[in-house]
Number of protein chains: 2
Amino acid sequence: MDTAGSFTNPKSLAVIGASNTPGKIGNALLSNLLGSGYKGKIYPINPKEKEILGLPCFPSLADVPDEIEMAIFCIPARKAIETAEECGKKGVRNLVVITAGFKEIGRAGAELEKEFMSVCDRYGMRVLGPNVVGFIDTHTPINATFLKGFPPKGEIAFISQSGAILASILDWSISAGIGYSKIYSLGNKADLSEVDFIAEAVDDPNTKVILCYIEDVTHGPEFLKVVAEATRKKPVVILKSGTSQSGALAASSHTGALAGSDLAYNTAFKRCGVLRVTNMSDLFDLAISFVSQPLPKGDRVAIVTNSGGPGIIATDRVEAHGLHMARFAKETIEELRSYMPAEAGIYNPVDVLGDAKTDRFNYAFEKVFKDENVDSIVMLMCPVAVTEPVDTARSLIEFSRRYPEKTVISAMMGGKSLAEGAALLSSSGIPCFSMPEPAVAAIAGMTAYRKMKDRPAVEDRITDFKPDLKTVKAIFYDVKRDGRLALLGSEAAEIVSAYGITAAPTIISQSPDEAAAIADQLGYPVVLKIASPKIMHKTDVGGVIRDLQTAEEVKNAYVNIIENVHRYLPKVVPYGIEIQKMMPKGIELIVGMTRDVQFGPLIGFGLGGIFVNLIKDVSFRLAQGLTSMEISDMIAETKAYSLMKGYRGEKPVDILAVSEVIRRLALLATDFPEITEVDVNPVFAYEDGIAALDIKITLS
Amino acid sequence: MDTAGSFTNPKSLAVIGASNTPGKIGNALLSNLLGSGYKGKIYPINPKEKEILGLPCFPSLADVPDEIEMAIFCIPARKAIETAEECGKKGVRNLVVITAGFKEIGRAGAELEKEFMSVCDRYGMRVLGPNVVGFIDTHTPINATFLKGFPPKGEIAFISQSGAILASILDWSISAGIGYSKIYSLGNKADLSEVDFIAEAVDDPNTKVILCYIEDVTHGPEFLKVVAEATRKKPVVILKSGTSQSGALAASSHTGALAGSDLAYNTAFKRCGVLRVTNMSDLFDLAISFVSQPLPKGDRVAIVTNSGGPGIIATDRVEAHGLHMARFAKETIEELRSYMPAEAGIYNPVDVLGDAKTDRFNYAFEKVFKDENVDSIVMLMCPVAVTEPVDTARSLIEFSRRYPEKTVISAMMGGKSLAEGAALLSSSGIPCFSMPEPAVAAIAGMTAYRKMKDRPAVEDRITDFKPDLKTVKAIFYDVKRDGRLALLGSEAAEIVSAYGITAAPTIISQSPDEAAAIADQLGYPVVLKIASPKIMHKTDVGGVIRDLQTAEEVKNAYVNIIENVHRYLPKVVPYGIEIQKMMPKGIELIVGMTRDVQFGPLIGFGLGGIFVNLIKDVSFRLAQGLTSMEISDMIAETKAYSLMKGYRGEKPVDILAVSEVIRRLALLATDFPEITEVDVNPVFAYEDGIAALDIKITLS
């Protein structure tokens with residue numbers, strides 16, 4: 001955003017609606033500003049006061065004899081518009097609108113918000129809110145919220161669409177001693193949103209990790225662009241709650257039905273490298289780990305424990321998260337064997353046993369940290385017998401410093417008897433949990449982020465393919481003029497053919513003789529299908545006859561279909577009958593497209609055929625900017641891939657040709673935003689090439 | 001066990017290896033016993049001491065002038081056997097063997113343990129351990145462990161196979177003020193195991209919930225019996241770690257390959273109503289909820305919150321757990337609307353807004369508790385603005401008392417500012433978490449338990465079916481005499497037919513003419529298959545020819561198959577060629593069986609055909625005692641069920657006939673323990689009846 005770098009560090013600000021009355025927001029906020037050590041100029045505005053909390057108070061903005069960079073609104077909603085006008089005239093750049101009573105209260109509020117924003121837009125003012133608790137920057141420092149407490153300095157930026165969650169986290173963090181760089185309350189996101197503050201936090205040298213709690217994304221394309229860049233520099237961890245309200249995920253196609261409500265977010269987050277968590281604990285467990293430990297170089301985890309049970313639990317979790325238990329070098333194993341008691345575990349987990357004092361832990365650390373096959377170390381301690389939690393913590397801290405490239409996480413499982421050791425670890429930059437599971441989950445999240453960070457830059461689209469845009473435009477023109485949204489099969493076949501996707505030849509005919517002539521030309525066998533945008537289930541009305549071998553059979557079938565359809569649907573006037581060349585059977589796949597309001601077209605791929613909704617073997621990606629690697633991944637994620645590679649001795653099919661279908665359908669979907677849904681089901685995949693059979697295209 | 005009711009309350013006990021040296025286990029344990037308020041007689045045994053911790057010490061057991069009910073071993077392993085002999089001679093009933101150095105250290109230890117147990121068995125002594133930290137009963141009271149600390153009295157029984165986890169939990173619980181009824185360390189489980197202590201805890205009036213951490217189950221059938229009874233009375237929550245070591249889950253059949261390593265445990269736990277959790281936090285979150293709140297009457301959850309975000313998060317979790325958001329009565333909604341501010345949420349979640357003091361919470365509680373459509377209430381509080389955590393907690397406690405049948409769980413999301421309110425809730429029997437997710441998870445676990453508790457009693461097996469046991473025995477006799485483990489297809493078809501499962505008629509022939517005669521008799525078309533236990537993949541060696549329509553075709557096919565097989569496998573002498581009547585195609589299902597060492601035969605059911613390993617749509621149950629309801633459930637869990645009910649306009653198939661296949665295969669598997677694996681794939685299901693086609697049976 002154009003306020004980047006200065007939003008949280010204004011030279012001067014006005015608190016409009018500042019108050020002398022304790023308990024009022026305008027009092028709490030001003031008091032926080034003063035208490036936070038903010039170095040800029042503060043101008044309280046209140047027509048009824050001369051002085052507030054020791055600062056001279058001005059009756060209005062116009063009376064302030066100075067430039068004002070930021071205005072913070074602590075006034076009733078009904079005064080918002082006139083105050084915005086005053087801000088605009090005064091040349092204020094940024095507004096923080098604490099004021100509630102806008103979109104969140106219903107239609108009247110939404111209209112007020114719209115009007116308010118039109119004033120702000122007119123003056124080019126950027127707005128945080130309305131309906132926010134404010135923001136904090138511990139490094140400026142500034143506390144522009146009305147909440148109690150100011151967190152310690154730290155390297156976590158926290159962006160929250162819920163003010164209450166922000167209040168909870170602040171309260172909890174202060175008790176737990178967790179520090180932040182910046183904290184933003186997003187409120188109604190009338191202007192500035194998570195995208196702007198993610199961008200700001202990426203450029204902020206004091207921020208190492210960006211956390212978001214959001215309920216929706218309001219600027220899909222910008223989000224994708226900004227966050228994809230952000231995650232190459234810093235981890236972005238998002239807790240997204242609420243099921244998607246996106247009405248654009250229509251369910252009339254197979255692809256749309258499979259996409260479901262939350263899929264667009266998952267797909268978008270995957271695209272731009274966001275770590276999505278599903279609960280609040282994970283959000284902060286990960287944050288603490290990111291700020292205090294280096295990213296794991298790889299996914300090989302070593303566990304050092306003083307007891308078997310937690311070691312087994314942790315090993316289970318390592319496997320469940322798709323990480324790997326490190327296989328120690330021969331030397332490591334020999335050294336461990338030479339020193340440890342016979343009953344100790346010397347492979348991985350290293351179980352130093354319940355009677356281990358620090359010396360045994362220390363020896364294990366030394367060997368395990370040294371081992372080049374180890375990327376990260378999880379230390380687990382139970383309070384058994386002779387445990388020395390503080391000394392052992394010191395030893396772990398020492399090795400962590402000596403091997404700064406290795407990721408170290410710990411779990412001290414117990415209460416008071418381990419508390420001092422646990423506190424020492426935490427304060428020395430080694431995250432310390434109370435259970436083994438979150439320790440391993442933290443390693444898993446960090447490893448996942450490392451992989452995302454290292455993902456190759458988005459490739460250029462393959463440009464040597466030129467679709468026949470004229471054909472597509474001409475067909476869409478005709479369809480629209482015909483007052484239809486659904487394309488006929490023959491039209492849909494022409495569309496995909498124009499994008500270089502091999503479709504079973506499909507031609508519409510108006511008479512038995514024409515049908516026979518077309519069949520002669522296509523070659524037998526053929527299938528005849530009724531052509532009508534009004535008939536959804538052609539087979540059910542006797543509208544499809546397959547496997548026709550001669551001109552005579554085609555003519556008879558033509559008459560039969562017309563009769564059948566007339567009997568079932570006497571009012572429908574068909575467009576004719578489509579003759580489709582029957583293709584040899586291949587592996588049945590589906591490639592489809594559905595469209596999300598925020599993130600645009602989603603491409604789906606998976607096992608096709610009549611069981612597609614039953615098996616639900618479909619993977620999705622965003623069509624916009626789809627890369628070859630994403631296509632490979634989406635194919636490899638499906639069960640269809642096992643078939644394609646050659647299942648049970650069959651020959652593999654032409655995976656490259658299938659990839660091209662996906663790529664070109666994505667291209668079609670992005671070239672023509674009026675396409676709302678596509679189902680190509682089945683696509684037959686062969687040893688050599690593919691054929692698209694049933695193609696449904698719907699326009700908006 | 002025969003010690004039930006007295007194990008943790010012995011009249012007299014001896015501490016063998018008691019010591020005056022602080023730091024020694026024999027000192028710590030005796031000191032704990034004395035400190036715990038144990039009322040029975042304690043006899044320290046140590047030949048080198050006259051008095052220990054104020055008690056007279058005896059040189060040996062034989063010297064004690066009294067009966068001794070329990071002996072606690074704090075001696076080195078090498079002395080264990082002679083000491084066991086002494087205990088036996090003295091008439092000791094129960095041994096608690098703290099001593100380590102047995103099975104856990106390897107082969108020598110395992111042999112020692114075996115020898116030790118043979119002495120104990122000879123005297124009929126029951127053994128806890130070896131390699132345990134001991135046990136605790138807070139109500140006796142007795143602390144027979146060497147751990148630090150004694151937990152408060154409570155209603156949680158905790159049984160742990162890991163001594164270290166027990167130590168951790170004890171330490172943590174004492175810090176957190178969580179009480180226990182009984183705590184057992186299981187150690188090597190040479191004799192007494194989780195089964196015995198679950199049984200004891202069920203009968204214990206002081207225990208409301210039973211928690212277990214286990215790494216394996218050693219007495220499968222007993223576990224199933226005891227725990228199934230236990231869970232009808234009290235919840236049993238188990239954290240089972242470690243992947244199954246069970247070598248009996250062989251992977252040579254489809255069913256076996258799909259069963260995987262952890263499936264037998266999941267299936268067994270499901271059978272006997274265990275709540276399985278996957279991490280330690282869940283174990284204790286659930287325990288606290290079970291001891292302090294009533295079971296939910298149904299799955300309708302109301303949420304009362306002072307902020308939207310956490311309300312959304314909780315709603316997401318309610319849906320994710322398969323619970324339902326309560327739909328309030330009209331009256332409730334009207335009353336809420338009449339009182340709450342316009343912006344408040346009055347449906348569900350009830351959002352009393354950030355500026356709510358106790359009065360608004362109180363009003364919401366009143367209406368929501370009163371509503372008969374609400375089974376459980378989750379209260380969420382963020383520390384915003386004017387929050388009154390203590391007063392609001394008091395209000396919630398009051399309503400919880402007034403409506404004792406409703407389940408109430410809370411989450412106070414914050415730190416110090418909510419701590420007093422949170423502590424008040426916890427101490428008043430309303431579990432209070434710091435995040436919304438575990439609060440909803442607790443409701444979900446309790447609801448799941450209520451459903452399991454209410455499950456109908458196991459039905460009697462249907463007895464009006466009499467399998468033809470003679471035929472099965474005769475075939476198995478022949479197969480074994482032939483030195484084979486794999487049955488021929490024709491034999492397998494006879495086996496399942498003997499259990500009333502319709503198999504495609506399959507008869508073996510020794511010559512082209514005989515084959516043609518059999519085909520004439522069966523009716524055409526037929527398929528010919530090479531019959532040989534040595535040929536796994538018959539199609540690959542040209543050993544299968546389908547769709548034969550005449551006697552002539554059958555004779556030719558016979559010769560061709562013999563030639564094909566001879567060419568590929570010149571050394572194999574086939575048993576002949578099987579003629580199978582070709583059956584009309586139906587829905588392809590698989591019914592199979594694999595065997596687990598602990599829990600016996602597992603029956604699998606799902607989508608069959610050649611893609612069975614690809615689609616992996618198979619549900620499992622224990623064969624032993626399989627009920628009609630379990631069969632219905634296992635069918636309904638699969639995607640195959642959608643097909644069976646009539647997918648996309650098809651007619652439904654004969655689900656009853658399919659159920660019978662499952663039931664009878666289960667019966668076969670339990671009747672004949674020598675069957676290690678069965679695959680019936682495909683079973684064709686028709687509108688009327690079924691046909692079993694390819695049947696593979698393997699014996700041990």
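**Chat notes on a two-chain model**

Me: How do β25 and β26 of chain B pair, and over how many bridges?

Reply: Strand β25(B), residues 587-596, and strand β26(B), residues 600-607, pair in the antiparallel sense over eight bridges. This is a predicted model, so read every value as computed.

Me: What do β25(B) and β26(B) form, and how many residues lie between them?

Reply: The two strands form a hairpin, with three residues between them. Across that pairing, Thr594(B) stands opposite Leu602(B) in β26(B).

Me: Which strand is joined to β26(B) by five bridges?

Reply: That is β27(B), residues 618-622, which runs antiparallel to β26(B). Leu602(B) has a bridge partner there too, namely Leu622(B).

Me: Is β26(B) buried or exposed?

Reply: Buried. Eight of its eight residues are buried, so β26(B) is largely enclosed by the rest of the structure.

Me: Changing topic. Where do the side chains of β5 in chain B point?

Reply: β5(B) covers residues 70-73. Met70(B) and Ile72(B) point one way, Ala71(B) and Phe73(B) point the other way, and all of them are buried.

Me: Which strands pair with β5(B), parallel or antiparallel?

Reply: Parallel in both cases. Strand β1(B), residues 12-16, pairs with β5(B) over four bridges, and four bridges also join β5(B) to strand β6(B), residues 94-97. Met70(B) takes part in both pairings: Leu13(B) stands opposite Met70(B), and in β6(B) the bridge partner of Met70(B) is Asn94(B).

Me: What is Ile72(A) in contact with?

Reply: Leaving aside neighbours within four places in sequence, Ile72(A) is in contact with Leu13(A), Val15(A), Ile16(A), Leu29(A), Val96(A), Ile98(A) and Ala144(A).

Me: Now chain A as a whole. How many helices and strands, and what does the C-alpha trace span?

Reply: Chain A has 23 helices and 30 strands. Its C-alpha trace spans about 95 × 80 × 40 Å along the principal axes. Of its 700 residues, 55% are buried. Among contacts with a separation of 6 or more, 72% are between residues 24 or more positions apart.

Me: How many residues are in contact between the chains?

Reply: 55 residues of chain A are in contact with 55 residues of chain B. The largest share of the chain A side, ten residues, comes from α4(A). By type, that side divides into 24 nonpolar, 20 polar and eleven charged residues.

Terms used: Residues numbered from 1 in each chain as written. Chains lettered and ligands numbered in written order. Predicted model: local features only at pLDDT ≥ 70, side-chain atom pairs only at ≥ 80, totals over all residues. Contact = placed C-beta atoms within 7 Å. Nonpolar A, V, L, I, M, F, W, Y, C, P; charged D, E, K, R; others polar. Buried ≥ 20, exposed ≤ 12 C-beta atoms within 10 Å, placed from the backbone. Pairing = 2+ DSSP bridges.
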